Each structure stands twice: as C-alpha cells, then as structure tokens.
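Please consult the sequence and the structure shown here before reading the briefing.

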Amino acid sequence: MIDGTFTELNDPGAAAAPGSSASELLRIVGLEKRFGSGPLVLGGVDVAVRPGELLVVLGANGSGKSTLLRCAVRLLQPDAGQVWLCGQDLATLNGKQLRDARRQAAMIFQQIQLVRRRTALENVAFGALGRLSTRKSLAPRLFPKELRNEAARSLERVGLAHKANDRADRLSGGQAQRVAVARALCQRAAVVLADEPVASLDPQASDAVLTLLRDIAHVERLGVVCVLHQPDLARRYADRLVGILNGLIVFDRRPGDVEGAEIDRLYVGEPDDE
Amino acid sequence: MTSEPLTIGPVATTRRSRGWRIVIRVLIGAGIVALYAQAWIKTEISVSALVTGWHGMLDIIKRSVPPSTDVLGDALRQSVVTFDTALWGATFGVFLSLLLTPFAARNIAPNRFMYEFARVIIGIARSIPDLIFALIFVTAVGLGPFPGVLALTVGTVGTLGKLFAEAIEDMDMGPVDALRVAGASKTQVFLHAVMPGVLPTFVSLVLYRLDYNVRSGLVLGFVGAGGIGFMIFNSMQLFQYQQVFTELLVVLAMVLIVERLSTVLRGRIV
C-alpha cells in the first residue's frame, strides 16, 4: 500500500525546523498512527498551519483524515512523530500542562457535539472551562458575568445571538455547527480543527458554516484545518488543499494548483469501512 | 472482478459445514431438553400435589375474608415505614453510586485500576441478594427498619452503579471530546458534558429503583427489617389470614401509588 509514488512534499516554505517557526500555529512532523496491530493509518504525515489560513484536508473514508485531527490534539496518542501546537510539543506534556496547551486548539465534529440539555449560550461558554476554576464552573449559573458576555459576543459573531437561550437540541444542524464555532472562539483557540463539519448539512447550511470558518481564519487570524468530503466545496473555500491517500499526504498546495485528476485519484478504490 | 472471491468463499465454507451444523443443532436441542428435564426432577414439580394442594389454597382464601379492619391503621403506618426504608435506601444508594460511577464507566475512568476497583465493589453489591444483606445488618444493628435501609442502600449501589456506568458508556462522546479539547478538567467534563447527557436516563433509573426498593423492602421485613413486611410475616405465623388480607391490600395500594408517582415524575423530568 505504502509505496514510493507519493513523493510530493509540502510547500517548501513550511519546511522550517520543528516548532521554531513563530508563523506556524500547528506543525505536525512525521506523524504515525496504527490501531492495535493493524496497518498504519497515518504513515508519517507532515503538515503545518499558519494564522489566517483555511486548510482543507481531502481524502476517502479510512484514509486517516479524522485520525490526523484527533492525534493533533492528543485525543488519540500518536505512535511516532511530533505535534507542535503554538510552539509547544504536546508529546512532552501531561495532566494540567497538556490541558493548558491543548486549549489552543478547538475541535468541531461532524456528529452531535453540543450538550443537548444546555442552552446555546451555555454551550459556547463551555469553551472557556479550561480557564475557569472548578469552583466557578460547578454549574452554568456560577459562570462569571464576563464569561457570559464573551459567550454572547461569540454567538453574535456567528449570527446566532437570537438563539442564545434556546436549548442546543432545538437548533438545526447548521446552527449547531455555528454554535460549535462560537464555542471555539470563546475558547480563544488559535487553531480550529473541524472534522467533516458539513457532512450532514444541506448545501445552504454547508455554505454558511464554511464561510464562517473561512472568515474566522481570514478576519480573526486563526489557523483552521477542515476535513471535507466534497471536493467542490474544498476548492471553493480552501486557501490550501491537502490530499491524503492511505495515510500519506499526496499533495499540499493552493487549490488553483491542484488538478481534478489528482483529487479523483484520492477516491479510487475507496474502502467501504471508515 | 474483485467481488468473485468474496462470493465463492462463504458459499464454499457453508457447503462444507452444513452437515456439521445439523449435528450441532441436534446436540444443542438435546442439551436444552436435558436441562429442562433435570430441572423438572430436581424441583419436584408435581401436578398431583398442585391438585391436592388446591383445597388448602381455597381454605386459606376462605379464612381470609372478610379482611380484618382492626389492623388497617397499623398496616397503613407500617407501609409508610416500608416506603421510608425504600426512600432512604434509594437516596443513600444513589449518592454512593454517583460517587462510584465516574470510576466505573470505562470511557471516562481515570485509570484501569480505579475502574476495576469500582467494578468489583459494584459487583459484590449486586451479586449478593438484598435479603442476605438484611440478615447481616439485622445481626449487626438489631431488628427494625434501619438494617433494611442499609440493605437497600447496598442493593441500590449494586444495580444503579452498574446501570449508571453503562448509561455513560453508551452516551454520545462528542460533547465529552469537545470539552476535553477545550482544556476542561475531568471534573468539569463530568459535570458539564457527561451529567447533562445522562440525566434523563439516571432519573428514570432512580425512580425505577425506588419502586423496586418498596417491593424489596417488603420482603426484607420477613427477616426482621421492619415495616409492613414484618407485619405480614407475623400475621402469617399466627395464621391470622384476615389480617394478612388487609395488609396485602395496603401493600397493593402502596405499590400502585409509588408506581404512579414515579411514572408522573419521570414524565415531568425527562
């Protein structure tokens, strides 16, 4: 499976020494991951994200896209390689330090990720839990006023101020994803990792979510990594396209420089299982 | 082309093992019949005993009407004691279960050791019947409803500890992962992602267990743990079937009321 045809490398500007470049928010070097004794899901992945950039990762089911994002925040433990998040090597950290470092990255998932029985505003405020003491965070009612205000501003930023007091399970899929983006803002994350955020949305809602993700990259200068399944959407919104095939990066370029055939090749012989 | 080996493979193995499969099915069938046969013999099931015993039952029923009215007041008071026993047993039990649950759910347990430890405690509480615990506690703290409360506490931990943990293991991990990445501590994740997610399930489990505790508390009375069960036991011993009838009617009313209440509460909260 892993052969020598994937020689294409990252763009040369990103090839600085690990962790040294201040212009990179997230840098992944030689990341490898396998589950149990199975085949390598990620076979040495190098990728970097800079501020103000929306990077879209394309790949077939089972190509390792989601695993890459999960390894990047150590929801999964990589087998080899390094993850530099805002200049810190996550592998060397544990406990409180890891929690503090990880706070720089926010994650947006495909499936239900909001706490259903809480309001949109409370869900947004949950992004700030990492900065709150246990005592102040025992119940949403005890959250400080400033945090509520910040959460309200974040909701406003994603255009959902009017939904602040609606319970999360009353929101539509697109609204829920935008609340998740607001949560990332309230978390004050530098990097946002979105794992197929529009997979279950209709085209209109997909556009709204992707526009928002692109805006927070361009306007708020966050680094956004977004795993997508739809090549046309990827081309439309990405600042940079990364293609993954069998756990290896096969291209990493601006969308205009990626040929249709290269993208098609990612989906040939797509395995049935994720 | 690629699908060819896929279809040939399974079909071939099916043909080869069809004979074996029939043999295995016959063996399983024979095993089940043997199991039932030995159970029939061991339990001394006897139709003739049922027929002759019928008269005895009719006799008891005849002797229990009309229900005695002079124990009604006592029966009502004692049924309240049984409910109180169930209530405190459930409350203490829920509290202890909630303390154990974060360790007993595999997906959020801090480490393997704590997980196994919590599971062993819950396993012990569950595998020993409430009645045995009641006997032990009656010996330890004396007759009365208090040993019943203790026994039901342990019993509640046994079931709720397990069911709470399973509810958490089955829950959607999306919010948990999202908060974890946001840098939330384990306590914060538990309070804000886990608990709201499982609360409806927990409430309905707790109400079910309260309901169960009322019925179980009744039986615990038979071994001296107070309440209306103890009353029924005494009336039975004295062959006061008219009293027993009254007491059973009170029990029926209590169980129905508690059941109704828990259904209404569940509808409200969930």
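The notes below treat a sheet in chain A and then the fold of chain B.

The model is predicted. Chain A contains an open sheet of six strands with mixed pairing, whereas the secondary structure of chain B amounts to 10 helices and zero strands.

**The sheet of chain A**

- The strand order in this open sheet of chain A is 6-7-8-3-9-10.
- Strand 6 (105-108) and strand 10 (248-253) of chain A are at the edges with a single partner strand each, so one side of each has no neighbour in the sheet.
- On average, and with direction ignored, neighbouring strands of the sheet are turned by 20 degrees against each other.

**Pairing and packing in chain A**

- Six bridges join strand 3 (residues 53-59) and strand 8 (residues 223-228) of chain A, which pair in the parallel sense.
- A:Leu58 has A:Leu228, in strand 8 of chain A, as its bridge partner.
- Across strand 6 and strand 7 (191-195) of chain A lies helix 5 (residues 173-186), which runs at about 175 degrees to strand 6.

**The fold of chain B**

- Read from the N terminus, the elements of chain B follow the pattern α-α-α-α-α-α-α-α-α-α.
- The radius of gyration of chain B is 26 Å, while a compact globule of 270 residues would have one near 18 Å.
- Along the principal axes, the C-alpha atoms of chain B occupy a box of roughly 85 × 60 × 35 Å.
- Of the 270 residues in chain B, 37% are buried.
- Of the chain B contacts between residues at least 6 apart in sequence, 74% link residues at least 24 apart.

Technical notes: Residues numbered from 1 in each chain as written. Chains lettered and ligands numbered in written order. Predicted model: local features only at pLDDT ≥ 70, side-chain atom pairs only at ≥ 80, totals over all residues. Pairing = 2+ DSSP bridges. Helix = DSSP H or I, 4+ residues; strand = E, 2+ residues; numbered from the N terminus. Axes fitted to C-alpha atoms, helices over the stretch in contact; angles between N-to-C directions. Contact = placed C-beta atoms within 7 Å. Rg over C-alpha atoms; globule rule 2.2 N^0.38 Å. Buried ≥ 20, exposed ≤ 12 C-beta atoms within 10 Å, placed from the backbone.
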